[in-house]
Structures are given as structure tokens and as C-alpha cells.
Amino acid sequence: MRIISGSLKGRKIIAPKKLPVRPTTDMAKESLFNILNNTFYFDSISVLDLFAGTGNISYEFASRGTSQITCVDQDFGCIKFIKQTADSLNIPIQTIKSDVFKFLEKASMQTDIVFADPPYNFPDEDFAKIAELVFENDFLLEEGVLIIEHSKHTDLSQVKHFSYAKNYGSSVFSFFENEVS
């Protein structure tokens, strides 16, 4: 995987083969950041990266100037890799080893972007539970967005707070936003 833009543009990051991950493809990642670039100033936002895996998405945010990034993953190897990579690149990423659902039930924080990249084979109700917990527990700032990456075989359009989805090959990004009152 590589960092697409920003101060670390072109930097290749090689994750250990033993990590239980499926990193977001460069094409999908580039498309996602093109969308986000039209809405957010990366140097003035905070990001929560759930099911962070290799940290691929977080490195991209950091490269573009985001200084408040929290990665959550339950795999010790993933958390260790993210921490080592962030330290070697001198980028500010906080890591938390936790089951994502337990984290969403207990943690208290607000952020501009929550990005979740759970396993593609998750049951639909688990994808929906991510959105439910993020909104019930008030993780998003008023203008914030939850983005869930999933396969094209999963349809989240009926989940509360769903706004729109963008397809990139076999990957889909579903966007969820606070309801306008």
C-alpha cells in the first residue's frame, strides 16, 4: 500500500503478511479522499478509524495534515504495526486495542469523521450496529460523517442516518450523517 497525497505522498508501507487484514485499495482510497477533500480541511479535523487494520486510512489522513487520529482494532499485531509505523513516520496516531463494539459502547469522544472498515463478511446487522452505536453514543460532531466500507454485496441504504453510497470496484463506501433538524 502507498500514501497517495500530502507530506508523505508516495511512501510505501509494507504490512506483515500475518496480519488479518484487507487494506482499502489505492483506487478506492483515492476516490474517498477526493470526496472528503470537498467537505473537510484535513488539518482542522479529528478522525476515529475503527477496525483500523494496517492503519492505511489513518496514514492518509496524517499525511494530509490531520493531527487528531485514533485507531481502534482488536488485533494486537495490527495495533503494534500501526504504532510502529506512526512512530517511524513521525505522525500523531493514538492506538487503542479493543473490540470495536465494546469501544463504541464505553468510550466518550466526538470526532469529525468516523471511518469503519469491518470484515466484508460481517452480517448486515453488525454493519448496522456500528452506525447505531456511533449515533446513539454521540461520536460525531454536528457536521461529522460516518463512513463504512463494505462489499458491493452489502446494502446499508435502509440503516438509519444513511445519506449515500459510492461504489469503487468491489468496495463501497456508505456515508451516514446526523439528521438535519
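Strand 6 and strand 7 (residues 171–177) are antiparallel and joined by six bridges; strands pair if DSSP finds at least two bridges between them. Strands here are DSSP runs of E, at least two residues, and helices are runs of H or I, at least four, numbered from the N terminus.

A note on provenance: I am reading a predicted model, where local features need pLDDT of at least 70, side-chain atom pairs count only at pLDDT 80 or more, and totals for chains, interfaces and linings use all residues. Residues are numbered from 1 along each chain as its sequence is written, and side-chain values use heavy atoms, with hydrogens and water left out.

Next I traced the whole sheet, which is open and mixed, with seven strands ordered 3-2-1-4-5-7-6.

Then I checked what packs on it. Helix 5 (residues 124–136) lies across strand 4 (111–116), strand 5 (140–151) and strand 7, at about 170° to strand 5. Contact means heavy atoms within 4.5 Å; angles run from 0 to 180 degrees between N-to-C directions of axes fitted to C-alpha atoms, for helices over the stretch in contact.

Which residues lie nearest the centre of the largest pocket? I found P20, F51, D73, D117 and P119, among 26 lining residues. A pocket is an open set of points on a 1 Å grid over the protein atoms alone, where a 1.4 Å probe fits, with protein on both sides within 12 Å along at least five of seven lines; lining residues have an atom within 4 Å of a point. Helix 2 (56–63) and strand 2 (68–73) each supply at least two residues of this lining.
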